[in-house]
Amino acid sequence: TVNIPINGTGPIQKTGGGTTAFNGNNTFTGGFQIDGGGAVNFGNNNAFGTGTILWQLGGFIQPSTTSAFTIGNTVQHTNVVETYAGNSGGVTFSGPQHLATSGTTTLNNIVGTITISGAIDGAAALAVKGTGWTFTGVNTFSSVLTITSGTLTIGVAGSLHSGNYAGAIADTGTFTYASSASQTLSGIISGTAGKLNQNGPGTLT
């Protein structure tokens, strides 16, 4: 557990098993690399410094406490399974989210609901699973969206591909559109026992 602030220009790289907690108001600028195994606990909105969070390999990140957290870092996703946990206070990732140019990124949430308010871009496929995700940004990613389990909610004024999403949606969980923005889904929607809910003021076509 690191409770004191970390500064400097170098990156921090989390590798191997075990759990490491970063609870300080960190200002290091070199980025935070998640290189598989073990868990990263964050106890501060600035736990990851000011640089980019890079998922090099699959790993696990979770809040250290039940407080509300808003993580403003840019996140670079790769073709791995990224495991998260929410909490009762609420966890939001507000920075830009970049998918890769190909392959599939899987977001797995094991506790509560996690909000991504930063816009998600890129050409890789995106799969979500677990207890719940809410996207509130004006997202521009264009490839296949898979809801493996749990609920994906498009909320506030969020949208898929700026309101005109032509990608396929494979839904075996629950897809809830609760946004105030209008949304057209022109791609094929498939899935066994999947649910599609329209719960917001925005027009869903």
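Predicted model: local features only at pLDDT ≥ 70, side-chain atom pairs only at ≥ 80, totals over all residues.
Let me begin with the overall picture. The protein chain has 24 strands and zero helices, and its C-alpha trace spans about 50 × 30 × 25 Å along the principal axes.

Now to the sheets, of which I will describe two. In one of them, six strands form an open sheet with parallel pairing, and their order is β1-β3-β5-β8-β11-β14. The edges are taken by β1 (12-14) and β14 (120-121), and because each of these has a single partner strand, one side of each is left without a neighbour in the sheet. Within this order, strand β5, residues 53-57, runs parallel to strand β8, residues 75-76, and two bridges join them; isoleucine 53, for instance, has valine 75 in β8 as its bridge partner.

The other sheet is also open and parallel, and it is built from seven strands in the order β7-β10-β13-β16-β18-β21-β24. Here β7 and β24 (195-198) stand at the edges, each with a single partner strand, so one side of each has no neighbour in the sheet. On average, and with direction ignored, neighbouring strands of this sheet are turned by 15 degrees against each other. As for a particular pairing, strand β13 (residues 114-116) and strand β16 (residues 133-135) are joined in the parallel sense over three bridges, and isoleucine 116 stands opposite phenylalanine 135 in β16.

That brings me to the interior. In soluble globular proteins, nonpolar side chains tend to be buried together. In this model the largest nonpolar core has 42 residues, and those with the most contacts inside it are Phe48, Leu126, Trp133, Phe135 and Leu152.

What about the aromatic rings? The count comes to eight aromatic pairs. One of them is formed by phenylalanine 42 and phenylalanine 69, an edge-to-face arrangement with 5.5 Å centre to centre and 80 degrees between the planes. This pair links distant parts of the chain, since phenylalanine 42 sits in strand β4 (residues 39-42) and phenylalanine 69 in strand β7 (residues 69-71), 27 residues apart. Phenylalanine 42 is buried because its relative accessible area is 1%, and phenylalanine 69, at 4% relative accessibility, counts as buried too. A further edge-to-face pair is that of tyrosine 84 and phenylalanine 93, at 5.6 Å centre to centre with 80 degrees between the planes. Tyrosine 84 is buried with a relative accessible area of 4%, and phenylalanine 93 counts as buried at 3%. Ring pairs also link Phe22, Phe32, Phe42, Phe48 and Phe69 into a cluster.

Let me close with some individual residues. Is asparagine 108 buried or exposed? Asparagine 108 has a relative accessible area of 15%, which lies under the 20% cut-off, so it is buried. Its place is in strand β12, residues 104-109, and, leaving out residues up to four places away in sequence, asparagine 108 touches Val81, Glu82, Thr83, Tyr84, Lys129, Gly130 and Trp133. Seen from tryptophan 133, with neighbours within four places in sequence again set aside, the contacts include Tyr84, Leu107, Asn108, Ile114, Ile116 and Leu152.

Finally, where does glycine 122 lie? Glycine 122 is found in the loop between β14 and β15 (125-130), and at 25% relative accessibility this residue counts as partly exposed. Beyond residues up to four places away in sequence, glycine 122 touches Leu99, Ala100, Phe141 and Ser142. The C-alpha atoms of glycine 122 and histidine 77 are separated by 9.5 Å, although the two residues are 45 residues apart along the chain.

Technical notes:
Residues numbered from 1 in each chain as written. Heavy atoms only, no water. Helix = DSSP H or I, 4+ residues; strand = E, 2+ residues; numbered from the N terminus. Buried < 20%, exposed > 50% of the residue type's maximum accessible area, 1.4 Å probe, protein only. Contact = heavy atoms within 4.5 Å. Phe/Tyr/Trp six-rings, centres within 6.5 Å; stacked < 30°, edge-to-face > 60°. Pairing = 2+ DSSP bridges. Core = buried A, V, L, I, M, F, W, Y, C linked by side-chain atoms within 4.5 Å. Axes fitted to C-alpha atoms, helices over the stretch in contact; angles between N-to-C directions.
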